[in-house]
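Welcome, and please open the model in your viewer. We will go through a few selections one after another.

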Amino acid sequence: MAAVTEAPPLAPAPEKKPPRKRGRWTPYWLLLPGILWLIVFFALPMIYQGSTSIQTGSLEDGYKVTWHFSTYWDAVSEYWPQFVRSGLYAAAATILCLLLGYPLAYLIAFRAGRWRNLIMILVIAPFFTSFLIRTLAWKTILADSGPVVSALNTLHVLDVTNWLGWTSGDRVLATPLAVVCGLTYNFLPFMVLPLYTSLERIDGRLHEAAGDLYAKPFTTFRKVTFPLSMPGVVSGTLLTFIPAAGDYVNAELLGSTDTRMIGNVIQTQFLRILDYPTAAALSFVLMAAILAMVTIYIRKSGTEDLV
Amino acid sequence: MNTKDTSGDVRLSGISKTYDNGFTAVQPLDLTVPQGSFFALLGASGCGKTTTLRMIAGLEEPSSGTVHLGDQEVTNLPPYKRPVNTVFQSYALFPHLDIFENVAFGLRRRGIKSVKQQVVDMLDLVQLGEQARKKPHQLSGGQQQRVAVARALINHPKVLLLDEPLGALDLKLRRQMQLELKRIQTEVGITFVHVTHDQEEAMTMADTVAVMNAGRVEQLGSPSDLYENPNTTFVANFLGTSNLIEAEVDSKSGDDIVLKAGGGKLVLPEARCSAPTTTGGKVLVGVRPEKITLTPADDAGEIPAGRNRITGKIADSSFIGVSTQYVIDSPVCPEFEVYAQNIDRDSRLRPGADVVLHWNPAHTFGLDAAQDIDAGVDTEEEAA
Amino acid sequence: MAVVRWFKRHFVVIAGLLTLGYLLLPNVIVTVFSFNKPKGRFNYEWQKFSLDAWKQPCGVADMCGSLSISLQIAVWATIGATVLGTMIAFALVRYRFRARGAVNSLIFLPMAMPEVVMAASLLTLFLNMGAQLGFYTILIAHIMFCLSFVVTAVKARVMSMDPRLEEAARDLYAGPVQTFVRVTLPIAAPGIAAGALLSFALSFDDFIITNFNAGSTVTFPMFVWGSAQRGTPVQINVIGTAMFLVAVLLVLASMVITNRRNKVKA
């Protein structure tokens, strides 16, 4: 591809050439295939989807654009519980990921010493086993007669979660708790890795400096470490929340009909009921909601340079 | 010696560089570097010296003008077709290749098959034969620097360009490498063009120094010529320290100009004045601090006749071993600097003492008074 | 009190290791249950130890076929996304051009979009165009969502690369092609490799986008998804365990090799 920059002259170059700009067109040639790919298979589909969402018709007679905006109204008023549920589950999973992931990232960055590489490998390695297989393993872990559930039962934890509505009866499977647990598990590495990256950049001497200036360990963390790791926190929460909000695998495998998320609805509408306009409208609303939330979040946290 | 080899001459005619954003780094410039010389481009950062070097290398296209190497015009040749090699600032050694392959890079690109002997010889020349199979990051700064020189020299370029080659080294190593580079240059006889902001480095190594400021060459000459006879306030202040006094032309007598300054008279050889002199016109009179002798005011009568004199009071003195540096508060110049060698220290020369400063008029130089008297003062400190 | 103090000092380590355990527990279960001999169709409860599944990893209809399809798609998607993404990354870092902001957004958005949205909209496009769903539509989709990750990985590497290295190469008689092949590419290689590895993992493991755009083609994740409804063969666990082990061994081996090489040279 670098050959584009300088075509070999066919004839001996004339004595006085005008000052040439080497490779004026090179960036466009480099960009063309990839950007075209993204335009045709990412941007264009969004437009098609927008147009599908305002079409009416049937599978047999075909669809026509009729500017039928009430599809949106119908879809949202019918499926708003799933929207809300997606937001809540994703938010819960994101907070859990942050709470669980931060100590692990901190451990790798500052306390692991010569174990650092090994722990890094152990964080990444599960990726190489299909996430569906690993999610199915949670069915075994949380099985009704398994040790986890009986332990929670003995400790009366399930009474509390039942009261909160996170579980029902003696089960964890097929409850919101199981779905959130699965989401947290699946997206935890996406929280740990950016957190680790930004923690690792922090100069260890800052901790000593803070200690030297009479900060207790927790104060050091609150006033120095955590603020400096904000870029990691922001990208970690985004990388966790966005896929969690659109996920339907965990709700399907670990949940029940009462834990259906918006992803499940879109999938069913598209692939089983074949109601394309409704599915497109739902997907469009999900996209708009997430983009709006991401924009506000990035603005608020003051890390625009993240993008 | 009429058939002098000129194939290693570097000739820049009317060369200039203006970037797309409108910033002019180099004003139209004519410069000839003769074959076999060690030539230094000296100036503060942003003065256009590196841009000039890059235009010789072909890494930057000039906005106007031409570059000749010997009789060959190379203005439009890409860098890989020019018989010129560069030692880059911070060396730019290829991190993925070992030392041997770094040095062999240029030979291999020119399709030379048997490079082994040449590379081994070259590594021996820079005393790195043992390190051939190490990666650059495993070497010290001084060793990396020598690899960079070897990698360029092995190609037998007509001209070797050095872009701040010693900037990353500590002071002691820098001194050592200065002598080393000078030795290599004498040995191989290739034209060296050396860019630096360190005036001491330029003066130690180069035969000819061009002092650059704001895209222009202020003055060009041998180090001693530049130091003894600066033509502009920038050169006077940038190279070493100068005491500059504003004076008025009083009269001329023979080859000398007589000037009035603060009530006294000073004599300046006309040949050492770069400014036009008309009676009543202003001139800046300069003298280097080490040319001046200090005499306590009580002994003023013992000063021989025919010397330039100024009176003042010692404001500050600092002992720095080989010499003592005095700052004198004088009516003609508030911070007159004098360096006195510590041979016979006169205990009367203490802060607060009244003194007479006197020097041989032949050490006086004259500059155009229309310039900024402090040009080049700050930049030198920043660079040091 | 001593216990409390000890706990306080090592709180981060304990919490971190617990999280690590949470991350690894499913892999342990997958491995253990690859030696199970389940009674019914589902492999969720421990019955008794058996090596049957390991002896016949392809003993389930269609599973190894789907594995092969997944591998083929992952390889081609990796090649496509790596080539296209590397080109974009070089253009972004090394050149000035119009519409840089738009290009950056186009790269960023696929990473900030829920998969189900991309999946659904891409299906709309294919349906509208009347495209035959299958191997090629999956491949197109995978290249699309892997591209942005490659761009990000390569861009970071090329940005940290000293432009003087390329100037030095040109100064040492390397033409544009030589400079690219001998200097730029080798130095950018770790970034390109990271992007390629990520692409492979993302493509191989993708379910949501694939599920929408696969037609009747069945990839390995889709096979697992289907078996979650029909009955999970033990062989799934065998494949999962084998992949985990191979990955860890490869990484460990590469680390040992780099370590040894550094020691020999130093």
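Two residues count as in contact here if their C-beta atoms, placed from the backbone, lie within 7 Å. Keep in mind that this is a predicted model.

**Stop one: chains C and A.** Select the two chains together: 70 residues of chain C are in contact with 75 residues of chain A. Several helices of chain C give two or more residues to this side, among them helix 4 (63–94), helix 9 (176–205) and helix 12 (234–265). Now pick out helix 2 of chain C, which provides the largest share, 15 residues. Colour the chain C side by class and you will find 57 nonpolar, 10 polar and three charged residues.

**Stop two: the sheet in chain B.** Switch to chain B, where six strands make an open, mixed sheet in the order 6-7-8-3-9-10. Which strands stand at the edges? They are strand 6 (84–87) and strand 10 (216–221) of chain B; each has a single partner strand, so one side of each has no neighbour in the sheet. On average, neighbouring strands of this sheet are turned by 20° against each other, direction ignored.

Zoom in on strand 6 of chain B, which runs parallel to strand 7 (residues 159–163) of chain B and is joined to it by four bridges.

**Last stop: strands 3 and 8.** Select residues 38–42 and 191–196 of chain B: these are strand 3 and strand 8, paired in the parallel sense over five bridges. Here B:Phe39 stands opposite B:Val193 of strand 8.

Technical notes:
Residues are numbered from 1 along each chain as its sequence is written. Chains are lettered from A and ligands numbered from 1 in the order in which they are written. This is a predicted model: local features need pLDDT of at least 70, side-chain atom pairs count only at pLDDT 80 or more; totals for chains, interfaces and linings use all residues. Two strands pair if DSSP finds at least two bridges between them. Axes are lines fitted to C-alpha atoms, for helices over the stretch in contact, and angles run from 0 to 180 degrees between N-to-C directions. Ala, Val, Leu, Ile, Met, Phe, Trp, Tyr, Cys and Pro count as nonpolar, Asp, Glu, Lys and Arg as charged, and the others, Gly among them, as polar.
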